[in-house]
Amino acid sequence: DRRLFECFSERQETVRADRRGGGMKSSDRLAGILATKRKEAAALESRKAQLRKEALQRNEYRGFRSNLFQPGVVTVIAECKAASPTAGTIAEKYDPVAQAKLYEQGGAGAISVLTDREFFGGCLEDMQKVRAAVRVPVLRKDFILTEAQVYESVAAGADALLLIVAALPDAELKGLYDLGKGLGADVLVEVHDMKEMDRALEIDADIIGINNRNLHSFEVDLKTTEELAPEIPAECLGISESGIRTREDVRFVTAQGIFCLLVGESLMRD
């Protein structure tokens, strides 16, 4: 873990420049992304039965939650992504396999792979290649809205998948959560305000990610972790996501009792 943390730069000018970012501008960026993702999800429905069959045949998982849940010990989910709506292009020569191998060598407890093509420059094949190349658990990071996408994630080899509370009504959130867990995968339930935290707790989520990035405006504030961390039950794995760039950020987050960090852009740039 020490080698992994050594890449957190102390150069505050670089940090400020990175945080300004660029790219997509909208009053509600999440709504725009979801409109596109719903079309993609609808196109997948014709393959749902086959994907379900493949997912049900899956019988081998790497424990995402068990590998990361070490209270009092910092663990890192290191993320592979080529671009983002706020930062634009992050890696001109994107090689997710090479990046994932470096992460694993550096002590990452799990790898997150962006599989969205339109907004993050990824694809499902990136995740499959990464999982074949590393031994640690792999998270599929995407906007999952339907059962077919859950089946697809499991069939493709994801050890864990992401559900964004802001993107799902209550019934769909619980249904997709139960489906993923029932298939044997871990499910990361992501929140960014108190109302969403309540909804995550209502479905008994055992992994809750606090996204410090407001998904409607895309502004980042680590105080989101400070506000929401006390709500996470002791038996639940809490994760702080987005905006973690320096050692000071790590110290701030762990002071709130959150010891698992999801870090992407700052590692991809270094």
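1. Cysteines. The sulfur of Cys80 lies 12 Å from the closest cysteine sulfur, in Cys123, and that is too far for a bond. A disulfide here is a pair of cysteine sulfur atoms within 2.5 Å. By this rule the count is 0 disulfides. Cys80 is buried, at 0% relative accessibility. Cys123 is buried too, at 13%. (Buried means under 20% relative accessible area, exposed over 50%, partly exposed in between, with a 1.4 Å probe and protein chains only.)

2. Basis. This is a predicted model: local features need pLDDT of at least 70, side-chain atom pairs count only at pLDDT 80 or more, and totals for chains, interfaces and linings use all residues. Residues are numbered from 1 along each chain as its sequence is written, and side-chain values use heavy atoms, with hydrogens and water left out.

3. Salt bridges. The structure holds 17 of them. The criterion is a side-chain nitrogen of Lys or Arg within 4 Å of a carboxyl oxygen of Asp or Glu.

4. Arg131 and Asp159. Their side chains meet in a salt bridge, 2.8 Å from N to O. Arg131 lies in helix α7 (residues 124-133) and Asp159 in the loop between α8 (147-155) and β6 (160-164), so the pair ties together parts that are 28 residues apart in sequence. Helices (H or I, at least four residues) and strands (E, at least two) are DSSP runs, numbered from the N terminus. Arg131 is buried, with a relative accessible area of 13%. Asp159 is buried at 1%.

5. Arg245 and Glu265. The closest N and O atoms of this salt bridge are 3.7 Å apart. Arg245 sits in the loop between β9 (237-241) and α12 (247-255), Glu265 in helix α13 (residues 265-269), so the pair ties together parts that are 20 residues apart in sequence. Arg245 is buried at 8% relative accessibility. Glu265 is buried at 6%.

6. Glu248 and Arg251. This salt bridge has its closest N and O atoms 3.9 Å apart. Both residues lie in helix α12, 3 residues apart, about one turn of the helix. Glu248 is partly exposed at 40% relative accessibility. Arg251 is exposed, at 51%.

7. A network. Salt bridges that share partners join Lys37, Glu40, Asp116, Arg140, Asp142 and Glu152 into one network.
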